[in-house]
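Please look over the backbone of this model. The notes below cover loop geometry first, then strand pairing.

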Amino acid sequence: MKIGNVELNTRVALAPMAGTTDLAFRAVCRELSGCYTVTEMVSVMGLCYGDKKTTSLLKLGEGERPAAVQIFGSREDFVERGAALALEQSGADILDINMGCPMPKEVREGNGAALMRDPEKAARIAKAAIRGAAGKPVTVKFRLGWDSGSINCVEFARRMEDAGVSAVAVHGRTRAQLYRPAANWDYIRQVKEAVSVPVIANGDVFTPRDAVRILNITGADMVMVGRGAQGNPWLLRQCAAALEGRDIPPLPPLAERCGVIARQFELIRAQKGERVACLEMRKQYMWYLRGVAYAAYWKEQICKMETAEDFYRITDGVKRDLA
Ligand SMILES: Cc1cc2nc3c(=O)[nH]c(=O)nc-3n(C[C@H](O)[C@H](O)[C@H](O)COP(=O)(O)O)c2cc1C
């Protein structure tokens, strides 16, 4: 599979998820599965004004290549400059533009999914990003449309292709649907039939079987996994195995999973320090323990952890009591 001139050796992508797919989680996913990764969405305004927090989101992990940085914005001048800065500062191979974010704060400013209501403007934004990317491939991630009465993903994908993008990722829901009900994969198939650039299918892949089904139904080139990977990075390698027709590796025992949790903790700690690592790992650790029986006591402890010592005391407890 190729996006522009960039060769990808996998058909599985980790979806960009703000607050989840930071450098540490992407590293863990990649180490387990070799998946393609995209950063959390990064504001072109923040980049152009040199905002430190925004810039820090661009950092890729060691060996995290090929990978994409995702930007969002709705002013051509900022998008062009932001695209150049994002690629320069991250060293990423691919630039992705977010045209699917449903958050009121963003759509009010014309960002994210708001661009689906104005495909002409969206095409100008894509062209601005392509100018800024100076030869590196640009992709666009969007939804089916704004709401059920204005589904325009097929026409929108064609416009993006005409604007010069190298691939499109389609989340099979409208902006109005947010993350429920079930994603509609038939529309993704229609997009695939309408364009000749690669199509990345996204929405509701929670099992390896879903990964096979979504590609069978849509004919898409790649599957993108979001919420299913939260607390379960092993899903990505299970999906990869299923798509390659290999035996699906079982979820490792909890004690082994704890090693991956600790790896993620240490990666955040190295980048952001002990305190932030503890705060950020609280939510992620809870996801890792989803479905683990008798975990209530340790979950309560996780919600309060503040030091690395807390983290390792809890992790030893989890291994001793729950594994
Ligand atoms: C917490 C959260 C944060 C997200 N952040 C982003 C983002 O930064 N950029 C983006 O394009 N999509 C974002 N998404 C959407 C996902 O990339 C994906 O399209 C969506 O979750 C559907 O896939 P899934 O059903 O596999 O979760 C986010 C989703 C969630 C749940």
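L178 is exposed, with 12 other C-beta atoms within 10 Å. Buried requires 20 or more other C-beta atoms within 10 Å of the residue's own, exposed 12 or fewer, and partly exposed lies in between; C-beta atoms are placed from the backbone. Phi of L178 is near 55°, a positive value in a residue other than glycine. L178 sits in the loop between β8 (167-171) and α8 (185-194). Helices (H or I, at least four residues) and strands (E, at least two) are DSSP runs, numbered from the N terminus.

D204 also has positive phi, near 70°. Its loop runs between β9 (199-202) and α9 (208-218). D204 is buried, with 22 other C-beta atoms within 10 Å.

## Model and numbering

This is a predicted model: local features need pLDDT of at least 70, side-chain atom pairs count only at pLDDT 80 or more, and totals for chains, interfaces and linings use all residues. Residues are numbered from 1 along each chain as its sequence is written.

## Cis peptide bonds

The R180 to P181 peptide bond is cis, with omega near -10°. P181 lies in the loop between β8 and α8. R65 and P66 are also joined by a cis bond, with omega about -15°. P66 is in the loop between α3 (52-56) and β5.

## Strand β4 and its partners

In β4 (residues 36-43), 7 of 8 residues are buried. β4 pairs in the parallel sense with β5 (residues 67-72) over 5 bridges; pairing takes at least two DSSP bridges between strands. S43 has F72 in β5 as its bridge partner.
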